[in-house]
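Here is a brisk report on one protein chain. Keep the sequence and the 3D view side by side as you read.

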Amino acid sequence: VARAIHFASPRRDGPFISVNGMALNTALLESELFGHEKGSFTGTVAMRRGRFERAGGGTLFLDEIGELSPDMQIKLLRVLQERKFERVGGTEEIEVDIRIVAATNKDLQKAVEDKSFRDDLYYPLNVVQIQLPALRERRADIPLLVHHFVEKLPEENQLPRKQFRPA
């Protein structure tokens, strides 16, 4: 859905960059999102642009946003409010023009009520809400998905094409 939004928009010629908030610990996620300067922590031998910067002019998809730590929520809120950030270990503010699409399987409204998700971050992220039912609730999509992957995966991985019966 995030890709469809991106490619159906005026930003379609810009980059589509995604990051999964659950896949990385807070320190790695910060470096992934904001980038880092050379020498900012052990083992950094070069400057690295983060996903915010790489998504400039396009769309940044934040998957599993409900899993962000309180510290990362604050840092994300700052970027949303100011459209600026600094790389880890840096002092230069970098302006960014991106659209954020966020997804989660959590009930963020409940998380706001429980104080585990910031309400001042929830509201700017919740501009347009799209409810996507689980695949078990839309079984008619399964044949379409099977057909898509039967066509796509063999081409990308030099594998023989498989056949599937409707059952």
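Predicted model: local features only at pLDDT ≥ 70, side-chain atom pairs only at ≥ 80, totals over all residues.

In S4, threonine 59 is the bridge partner of phenylalanine 16. Residues are numbered from 1 along each chain as its sequence is written, and side-chain values use heavy atoms, with hydrogens and water left out.

**The sheet**

S4 covers residues 59–63 and runs parallel to S1, joined to S1 by 5 bridges. Strands are DSSP runs of E, at least two residues long; helices are runs of H or I, at least four; both are numbered from the N terminus. Two strands count as paired if DSSP finds at least two bridges between them. Isoleucine 17 has leucine 60 as its bridge partner in S4.

S4 also pairs with S7, again in the parallel sense, over 4 bridges. There, leucine 62 stands opposite alanine 102 of S7. Together the strands form an open sheet of 3 strands in the order S1-S4-S7. S1 (16–20) and S7 (99–102) are the edge strands, each pairing on one side only. From one strand to the next, the twist averages 20 degrees.

How covered is S4? Of its 5 residues, 4 are buried, and the strand is mostly covered. Buried means under 20% relative accessible area, exposed means over 50%, and partly exposed lies in between (1.4 Å probe, protein chains only). In a regular strand, side chains alternate between the two faces of the sheet.

**Contacts of arginine 99**

Threonine 59 lies in S4. Its relative accessible area is 0%, so threonine 59 is buried. Its side chain makes a polar contact of 3.3 Å with the side chain of arginine 99. A polar contact is a pair of N or O atoms within 3.5 Å; within protein, one must be able to donate a hydrogen and the other to accept it, and residues adjacent in sequence count only if both atoms are side-chain atoms.

Serine 9 sits in the loop between H1 and S1. Serine 9 counts as buried because its relative accessibility is 5%. Its side chain joins that of arginine 99 in a polar contact of 2.6 Å. The serine 9 side chain also reaches the backbone oxygen of histidine 6, at 2.7 Å.

Rolling a probe the size of a water molecule over the atoms shows where empty space is left. The grid is 1 Å, over the protein atoms alone: a cavity is a set of points where a 1.4 Å probe fits but cannot get out, a pocket is an open set with protein on both sides within 12 Å along at least five of seven lines, and lining residues have an atom within 4 Å of a point. Grid points are joined across faces, edges and corners, and a volume is the space filled by probe spheres set on the points.

| Space | Volume | Lining by class |
|---|---|---|
| Largest pocket | about 1200 Å³ | 19 nonpolar, 6 polar, 7 charged |
| Second largest pocket | about 240 Å³ | 6 nonpolar, 1 polar, 1 charged |
| Largest cavity | about 40 Å³ | 6 nonpolar, 1 polar, 1 charged |

Ala, Val, Leu, Ile, Met, Phe, Trp, Tyr, Cys and Pro count as nonpolar; Asp, Glu, Lys and Arg as charged; the others, Gly among them, as polar.

The largest pocket has 32 lining residues, and Ala102, Ala103, Thr104, Val128 and Ile130 lie nearest its centre. S7 gives the largest share of that lining, 4 residues.

Ile142, Pro143, Val146, His147, Phe164, Arg165, Pro166 and Ala167 line the second largest pocket.

The structure holds 1 cavity of 30 Å³ or more. H2 and S4 are the elements that give two or more residues to the lining of the largest cavity. Leu29 and Leu33 are among its lining residues. Both also belong to the buried residues of H2 (26–34). Just after H2, glycine 35 takes a positive phi of about 80 degrees.

**The whole chain**

The chain has 7 helices and 7 strands. Of its 167 residues, 32% count as buried. Its C-alpha atoms fill a box of roughly 60 × 40 × 35 Å, taken along the principal axes.

Key
Axes fitted to C-alpha atoms, helices over the stretch in contact; angles between N-to-C directions.
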